[in-house]
Amino acid sequence: MAAAAAVANIGLMDSAYFVGRGEILTWINATLHLSLAKVEEAASGAVQCQLLDMVHPGVVPMHKVNFDAKTEYDMIQNYKVLQDVFNKLRINKNIEVNRLVKGRPLDNLEFLQWLKRYCDAVNGGIMNENYNPAERRSKGGKDRNHKGTNKSSKSLQANRLSSANSADGAPTTEKVCISTVKEDHYMEQIQQLSEKIADLKVSVDSTEKERDFYFSKLRDIEILCQRPELEHLPMTKGIRKILYAADAKDSSLSEANEIITRSPGMFSDEAECQATPQSPYT
């Protein structure tokens, strides 16, 4: 257990972080009888919960783990379960939930690399032959709660319909149909909203990548303008005028042009070169 606890603080240059995606996916799929094709498919946190359930039987409340989590809210609930397990086991490992739920491949890969190293430290890399991953998933809260909820709802609905029927003699079939139609309508709306959220997440990720790309370009220009032999040139001053403009609404291009144009000797060398013809033999 002491060796497992030490894994929590391994550095980024540790051999654990050099395990490839293919090996990680093979390990997860073989251990939990899954068929993941990408590491980001484990972004919901359910896989991580079950891996700890395998090496620490009885510690993870599997009935709280949602294997069908699609929204960030549901994913965060899984990571709360995982964090509670970490606390129980005294695992001092920071979980970057905000990064993981966005499905970023590198963040999810690094966390799974760490988790493999932890599981190997606990059980020596030996799979628990008595562990049935499919059966443990079937005991998850969503399937069981749904069954219980459906039974309760049906019983409650039957009682209400029976009471209404005995009171006014109205047929129950029509009411059941109306309830079913409403439920289908709500489920369709939920599905549509979930798809919109997924599309917005993709759009946000794309925008962030584009922002980072252009920011890196501007940063390179800024570093170049800070070179001692360039920082006093009129052109450099004009560029820095644009880079450090405080007001985003008004363009600083005209002021930058004025700085360059008014600088003494800015175009004197160019004019002299044009006025003095060069001999082809010099």
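Buried means under 20% relative accessible area, exposed over 50% and partly exposed in between, with a 1.4 Å probe and protein chains only. This is a predicted model, in which local features need pLDDT of at least 70 and side-chain atom pairs count only at pLDDT 80 or more, while totals for chains, interfaces and linings use all residues. Residues are numbered from 1 along each chain as its sequence is written, and side-chain values use heavy atoms, leaving out hydrogens and water.

**View 1. Cysteines Cys49 and Cys225.** Cys225 is buried, at a relative accessible area of 5%. Cys49 is also buried, at 1%. The structure holds 0 disulfides (pairs of cysteine sulfur atoms within 2.5 Å).

**View 2. Glu222 in helix α9.** Helix α9 spans residues 173-225 and includes Glu222; helices are DSSP runs of H or I with at least four residues, strands are runs of E with at least two, and both are numbered from the N terminus. A polar contact of 2.6 Å joins the side chains of Glu222 and Arg219; such a contact is a pair of N or O atoms within 3.5 Å, where within protein one must be able to donate a hydrogen and the other to accept it, and residues adjacent in sequence count only if both atoms are side-chain atoms. Leaving aside residues up to four places away in sequence, Glu222 touches Leu243 and Tyr244, with contact meaning heavy atoms within 4.5 Å.

**View 3. Helix α6 and the residue after it.** Helix α6 covers residues 105-123. Its buried residues include Phe111, Trp114 and Tyr118. Gly124 follows α6 and has a positive phi, near 65°.

Methods
Expected span 1.5 Å × (residues − 1).
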